[in-house]
Amino acid sequence: MLNHKDHFHGSDLEEIESVYHIKKEDITSFSANINPLGISGKLRASLAAHLDAITSYPDRNYKKLRECIGAYCGINTDSVIVGNGSTELISLTISVISPKRALILGPTYSEYEREVSLQGGQTRYYPLREEQKFRMDVNDFCSHLTDDLDLVVLCNPNNPTSSAITNSEMRKILDAALQHGIFILVDETYVEFANDVSSITSVPLTRYYTNLLVLRGTSKFFAAPGLRLGYSITGNRDLARQIGIRQNPWTITSLADIAGQLMFQDTEYIKKTRSLISGERNRIYHLLQSWPSVQPYEPSANFMLVKILKEDVDADQLFDHCIRKGLMIRNCSTFPFLSNRYFRFCFMKPEQNDQLLAAIRELL
Ligand SMILES: Cc1ncc(COP(=O)(O)O)c(C=O)c1O
């Protein structure tokens, strides 16, 4: 086993290439949480014909793109903000709110804490508990909302636990937050993979709550992380205006503008993705439940968190074992509240998933 301290992020294929001497083309990434079907067929067939779009600046207001996103999410165009990946919107939103103190549901994606600290704010975490299978106890969570907090960040479904908060639970959180003057940022990067999107998404709640912004992207569900297209939905006009003031003009390229319009309308691709992920999620969760060597946690997104129960194996060894076969999983030891007994992998095509399960089974 290689003795290196680094843990690899889903996008670190170049680093893997240099450490393990495996060509990145030969690696199947179960770590990046990206739709295994690749980009939308409609997008592949049509985008090239729009290449000349780069000879002009995109519409500064991205009206058509925002209309398309509005139709896709069932919300008014005026509530839609677009950005250069959801990363730009995480950064802009947190810079406008400029929180002195933020509460983040953990373990989770690391960018929120980084942005809060760049703005000079402090972060505390509300840890999801292993004993509760990493599901949130909403009443307990609400009892931790206090007047000194300005911002709460909830990733829903959460990365890496794949657990989800329903929208009726979210209402309770929003009501409690209102009483304490707290703004809620909900990152729904993975929500479209869930079985029943309408019971989880907070998008409709933006009609009623002005202390809410919902963040989404195209990197994962639409398999387009290189396109850099993300969007937000909020009913808070003042916040939207402030974000607009800070955002550089044209951060979404003309091609991403057109690509977005094409992919959000590819209903066949959307249906196919949802059916593939739902089937594999069900199959693999039930299979792993029957293995005595692991504890899988019920997944809502396109990935699953698993605890290793076998004493003499840890996630470093498992990562090493799998990557040598060209299969890259996520060792979760760098997430707060987790350790090297946890790993995460996303659902790919059935034969790729079978390959991974066979490799894991060799050690566990
Ligand atoms: C929860 C979450 N939010 C946001 C992002 C970043 O997405 P984007 O590519 O849209 O900036 C990621 C990427 O891994 C993520 O896991």
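# Notebook: a look through the predicted model

I started at Ser 219. It sits in the loop between β7 (212-217) and β8 (230-234). I am working on a predicted model throughout. Is Ser 219 buried or exposed? Its relative accessible area is 15%, which is under the 20% limit, so Ser 219 counts as buried. Leaving out residues up to four places away in sequence, I found that Ser 219 touches Ile 34, Ala 224, Pro 225 and Arg 228.

**Arg 228.** Most residues other than glycine have a negative phi, so I noted the value. Arg 228 is partly exposed, with 27% relative accessible area.

**Ser 98.** I then looked up another positive phi. Ser 98 has one of about 45°, and this residue is not a glycine. Its place is the loop between α4 and β3 (101-106). At 36% relative accessibility, Ser 98 is partly exposed.

Pro 157 is in the loop between β5 (151-155) and α7 (167-179). Pro 160 lies in the loop between β5 and α7. Most peptide bonds are trans.

**Whole chain.** I stepped back to the overall fold. The protein chain has 13 helices and 13 strands. Its radius of gyration is 20 Å, close to the 21 Å from the globule rule for 364 residues, so the chain is as compact as a globular protein of that length. Along the principal axes, the C-alpha atoms fill a box of roughly 55 × 55 × 35 Å. I read off 55% of the 364 residues as buried. Of the contacts between residues at least 6 apart in sequence, 72% join residues at least 24 apart. The accessible surface is about 15,800 Å², and carbon and sulfur atoms hold 48% of it. For charges, I have 39 positive and 42 negative side chains. The centres of those two sets lie 3 Å apart.

**Domains.** The domain assignment gives domain 1 as 13-39 + 268-363 and domain 2 as 41-266. Their centres, over C-alpha atoms, are separated by 25 Å. How many residues does each domain bring to the contact? Domain 1 gives 31 residues and domain 2 gives 37.

**Ile 39.** I checked this residue in the loop between β1 (28-29) and α2 (41-46). Ile 39 is partly exposed, at 27% relative accessibility. Beyond four places in sequence, its contacts are Arg 44, Phe 222, Ala 223 and Tyr 269.

**Helix α10.** Met 263 took me to helix α10, where it is one of the buried residues. Nine of the ten residues of α10 (254-263) are buried, so the helix is largely enclosed by the rest of the structure. What covers them? The cover includes α2, α3 (63-73) and α11 (267-289).

**Thr 93.** My last stop was helix α4 (residues 85-97), which holds Thr 93. At 1% relative accessibility, Thr 93 is buried. Its contacts beyond four places in sequence are Leu 185, Leu 213 and Ile 243.

Methods
Residues numbered from 1 in each chain as written. Predicted model: local features only at pLDDT ≥ 70, side-chain atom pairs only at ≥ 80, totals over all residues. Heavy atoms only, no water. Helix = DSSP H or I, 4+ residues; strand = E, 2+ residues; numbered from the N terminus. Rg over C-alpha atoms; globule rule 2.2 N^0.38 Å. Buried < 20%, exposed > 50% of the residue type's maximum accessible area, 1.4 Å probe, protein only. Contact = heavy atoms within 4.5 Å. Areas by Shrake-Rupley, 256 points an atom, 1.4 Å probe, with all protein chains shown as cover. Lys, Arg positive; Asp, Glu negative; His and termini not counted. Charge placed at Lys NZ, Arg CZ, Asp CG, Glu CD. Domains from an automatic or database assignment.
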